[in-house]
Amino acid sequence: MHIIVCMKQVPDPEGPRDAFEINQTSGLVEPRGIPPVLSLFDENALEMALRIKDVHPAGAKVSVLSMGKRVSNAVMLKALAAGADELVKVEDDSLDAGRLDSFATAQVLAGAIRKLPHDLIIVGRQAADFNDGQVGIGIAHVLDLPVVTLARALTVQGCDMRIERVLASGHEVVCASLPAVIVASNEVGELRYPSMIQRREAKQKPVHTWGLNDIGLAAAPRPRVMRRHLYTPELKLRQCRIFDGGSPADAGRNLALTLKQDRVI
Amino acid sequence: MPTENQVLVFLEMERGALHPLAAEVLGAGKQVAQGLNGGLAAVVMGGGAASDAASNVRQFGVERVYVLEHPFLEAYHGEYFCRALSEVCRMAAPTIMLMANTLVGGDLAPRLAWNLEAGLITDCVATEMAGAEITFTKPIYSGNVMAVYAPATTPTLITLRPRAFTPLTAVETPRGEIIPVSAALDQASARTTVVERIEEEGDGIKLGSAQRIVAGGRGIGRAEGFALLKDMAEALGAAIGASRPPCDLGWVPAKAQVGQTGEIVAPGLYIAVGISGSTQHLAGMVGSKTIVAINKDPQATIFKIADYGVVGNYEDVIPAITGTLREILV
């Protein structure tokens, strides 16, 4: 069984606010002093793939697919250490994550997937930088495959899958046949932590680097939305009244009395 | 023939009625329609109750309400909904189509966009006219940067972040021509089958509709710590929420998550306990009327956006608050 997990490197989304500097000339965000990391949601997707690999009787090969102007081997090493078997990178100067929309991204990823054996393609629910949440459905559309989003668990039996799909009020069980695209929910949980040995061994795993011509594209597809500009939002600061007199219990009591007095409660 | 610039809003249904976010979606739709000098139409789809819901839309004063009723549309199924809504789009020929960025909207909008070869801007929080061009703004990089987009296709699809737009209020004279639409949906064409749906009703008050919320973060330290928060929530009649770490760590159910990928709330009172205030959490609660922060780190970001704060260990502070609340709230 062949599983492809699409993963993106993003500036650490938990970085401080002033680390996301905007270059108005280029119209891009230039992160300052924060390292690129794997998008958290893509880590959920990889964890889901590894859980299938853990239990699949015939075993499964997990390929990580990533695209960009440059894809950092150092960032992707974490995915290989956690249990992915190989890395496929699609690199081109025109594949700048800050300039592509989901439409273009899905076309490029689908082009690469066509060149790889695939039974199951798993993506994260959204990228941690642009949060578009469109690429999984896009890949399925381009490749004409069934797609199930917000999957928090799945089991594979032969060519059939049972997927637990998250709903606002609970969950539903969906059946689909392979090959298919799955959009993993963040409810899948965190990516497993690799051991030192796994980290060392990961450096020996195969890395393939492709260009756009290798996947039959002449240039990055044109976007379907136009980005006009970027700006830094103002955090709406409030004047915080701190209760610091006496013991913590006094502070708690004073807080409760003040909320009542101010008619908050 | 529809007005030249037609704005279409898709109104989700929940438990046989219009989704509570419908008025917000209509509010955004009205704003876009006014900007483009166009008309506002709505579409409602469901099993048996869609017609009633469609008549309810008339109270907001729209030009048209398209309504689709079909047994396959009773509960959300991405493939059926996409096919049915594509049909309405062909009929209504909208310039802009909007829907809420709920779990349903997040699945339906991309399906529809790919099907119609349309551009899609998700999770928008504002819309504006820049000269003759309409723009939509969405937070990126977990809310640290805002990106302003303009449509490049007709139609262009938009999903709206909950609580970001002012709800439309009812008009004096209900208005809107009801247009029934039939969609040919057949089971054989669907490639995914829903075999069962399971309700997971949490105990206590639902986050989305709560007027008061008590939320815990990583600082709570362990699952048992939430018991103190539950006591306080009970005294207040509040719902229990959480930032991402307690959900990921399994201390509370995933559905308790408040933030960018969880519930986006704006209650009258939000008490954040042991929550430092990551941007993606703030995105989910910054619209709350009154914010109270309890945290042992005086430098925590949460104090910058809070109205009241206590610096201290929550295990010492919360029992005193709960005890006092029980005395003064009868």
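**Cores, domains and the A–B contact**

Of the 146 residues that make up the largest nonpolar core, the ones touching the most other members are Val5(A), Leu109(A), Ile122(A), Ile182(A), Val25(B) and Val44(B). Apart from this core lies another one, of 55 residues, with Leu229(B), Leu269(B), Ala272(B) and Ile275(B) among them. The model is a predicted one. Back in the largest core, Val25(B) can be looked at one contact at a time. Once neighbours within four places in sequence are left aside, Val25(B) is in contact with Val9(B), Leu11(B), Leu98(B), Met99(B), Ala100(B) and Leu160(B).

The next topic is how each chain is divided. Chain A splits into domain 1, covering 2-215, and domain 2, covering 234-265. Taken over C-alpha atoms, the centres of these two domains of chain A are 44 Å apart. In chain B, domain 1 runs over 6-189 and domain 2 over 207-328, and 32 Å separate their centres, again taken over C-alpha atoms. Where these two domains of chain B meet, domain 1 puts in eight residues and domain 2 puts in nine. On the domain 1 side of that contact, the residues come out as three nonpolar, three polar and two charged.

Then there is the contact between the chains, in which 68 residues of chain A meet 70 residues of chain B. On the chain A side, at least two residues each come from β3 (20-23), α4 (135-143), β9 (147-157), β10 (160-167), β11 (170-177), β14 (225-231), β15 (241-242) and α6. The largest share of that side belongs to α6(A), with ten residues. By class, the side of chain A that touches chain B has 37 nonpolar, 15 polar and 16 charged residues. Strand pairing also links the two chains: β11(A) and β13 of chain B (residues 192-199) run antiparallel and are joined by seven bridges. One of the residues in this pairing is Val174(A), whose bridge partner in β13(B) is Val194(B).

Buried residues in α6(A) are Pro248(A), Ala251(A), Gly252(A), Arg253(A), Leu255(A), Ala256(A) and Leu259(A). Part of their cover comes from chain B, including β18 (308-311) and α8 (314-328). Just past the end of α6(A), Arg263(A) takes a positive phi of about 60 degrees.

Over in chain B, strand β16 (residues 269-273) is mostly covered, with five of its five residues buried. Both of its faces are covered: Leu269(B), Ile271(B) and Val273(B) are buried on one side, and Tyr270(B) and Ala272(B) on the other. Two of these residues, Leu269(B) and Ala272(B), are among the members of the 55-residue core. As for its strand partners, β16(B) pairs in the parallel sense with β14 of chain B (residues 212-216) over five bridges, and Ala272(B) is the bridge partner of Ala215(B) there. Strand β17 of chain B (residues 290-295) also runs parallel to β16(B), joined to it by five bridges. In that pairing, Leu269(B) stands opposite Thr290(B).

How values were computed: Residues are numbered from 1 along each chain as its sequence is written. Chains are lettered from A and ligands numbered from 1 in the order in which they are written. This is a predicted model: local features need pLDDT of at least 70, side-chain atom pairs count only at pLDDT 80 or more; totals for chains, interfaces and linings use all residues. A residue is buried if 20 or more other C-beta atoms lie within 10 Å of its own, exposed if 12 or fewer, and partly exposed in between; C-beta atoms are placed from the backbone. Helices (H or I, at least four residues) and strands (E, at least two) are DSSP runs, numbered from the N terminus. Two residues are in contact if their C-beta atoms, placed from the backbone, lie within 7 Å. Domain bounds come from an automatic or database domain assignment. A nonpolar core is a set of buried Ala, Val, Leu, Ile, Met, Phe, Trp, Tyr and Cys residues joined through C-beta atoms within 7 Å. Ala, Val, Leu, Ile, Met, Phe, Trp, Tyr, Cys and Pro count as nonpolar, Asp, Glu, Lys and Arg as charged, and the others, Gly among them, as polar. Two strands pair if DSSP finds at least two bridges between them.
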